[in-house]
Amino acid sequence: MEEGIEEETKAAAAAANKKAAAPAAKEKKKATSSTSVGEMAADTAFKSIGDVLKLLPTSTVIIYEVLTPIVTNTGDCHLANKIVTPVILVLCAFFCAFSQFTDSYVGADGKVRYGLVTARGLLPFGGGDGGDAGRDFSRYRLRFSDFVHATFSVTVFAVVALLADADTVSCFYPSLKDQQKKLVMALPVVVGALVSVVFVVFPSTRHGIGYPPAQPPTTSLASQ
């Protein structure tokens, strides 16, 4: 009799413990789910930013951001400022497009060398010194995707420069200044999503100016 009562007591205690642990397990699962969603969102955001960075040479954007306050007089533009600023903008946009038609390789001497992409292959800057005279550059030849990347590179740079830069906005269309903060918050998501689609359809394998290839071990250079 006592044994039966003891077993019933243990069963009731186990059931109570299980019932008490259920909410904790549920909360833990919910927290894990929230963390997973947050990690997925962060990964998506960083991937979009990475795709945008592939289209925008970092040095070009930095140069434009440094020169803009000077050439626009920190947004208080006069006639001379409105002439010089578009010149800087066009030059930076040209370099963004030009960089998409460049590629690089690791030479036999272990140094990274850049070249211009042509219909026949890569045309190394400086004639391809470093023991690479017999190297096959035909696999670097010009492709349709290069034109797509160049077009989007200029487009993304124009959007960033003309809409996200406060001095440029104040100089050319001050009436839009009040809405600029909203644009700055929305632009990375919209542009990043658009560029991500472009990279899915037209993946890039180039290592142009600013994005050199990873250098292989010295022992494998001789076989290239």
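This is a predicted model: local features need pLDDT of at least 70, side-chain atom pairs count only at pLDDT 80 or more; totals for chains, interfaces and linings use all residues.
1. Ground rules. Local features need pLDDT of at least 70 and side-chain atom pairs count only at pLDDT 80 or more, while totals for chains, interfaces and linings use all residues. Residues are numbered from 1 along each chain as its sequence is written, and side-chain values use heavy atoms, with hydrogens and water left out.

2. The disulfide. There's one disulfide in the structure (a pair of cysteine sulfur atoms within 2.5 Å). Cys-77 and Cys-171 make it, with their sulfurs 1.8 Å apart. It links distant parts of the chain, 94 residues apart: Cys-77 sits in the loop between helix 2 (58–71) and helix 3 (79–99), and Cys-171 in helix 5 (residues 166–172). Helices here are DSSP runs (H or I, at least four residues), numbered from the N terminus. The S-S torsion is about -115 degrees, so the disulfide is left-handed.

3. Burial. Cys-77 and Cys-171 are both buried, meaning under 20% relative accessible area with a 1.4 Å probe, protein chains only.

4. Cys-92 is buried at 9% relative accessibility, and Cys-96 is buried at 0%.

5. Helix 2. Its buried residues are Thr-60, Tyr-64, Thr-68 and Val-71. They pack against helix 3, helix 4 (144–164) and helix 5 (contact means heavy atoms within 4.5 Å). Just past helix 2, Asn-73 has a positive phi of about 60 degrees.

Terms used:
Helices (H or I, at least four residues) and strands (E, at least two) are DSSP runs, numbered from the N terminus. Buried means under 20% relative accessible area, exposed over 50%, partly exposed in between (1.4 Å probe, protein chains only).
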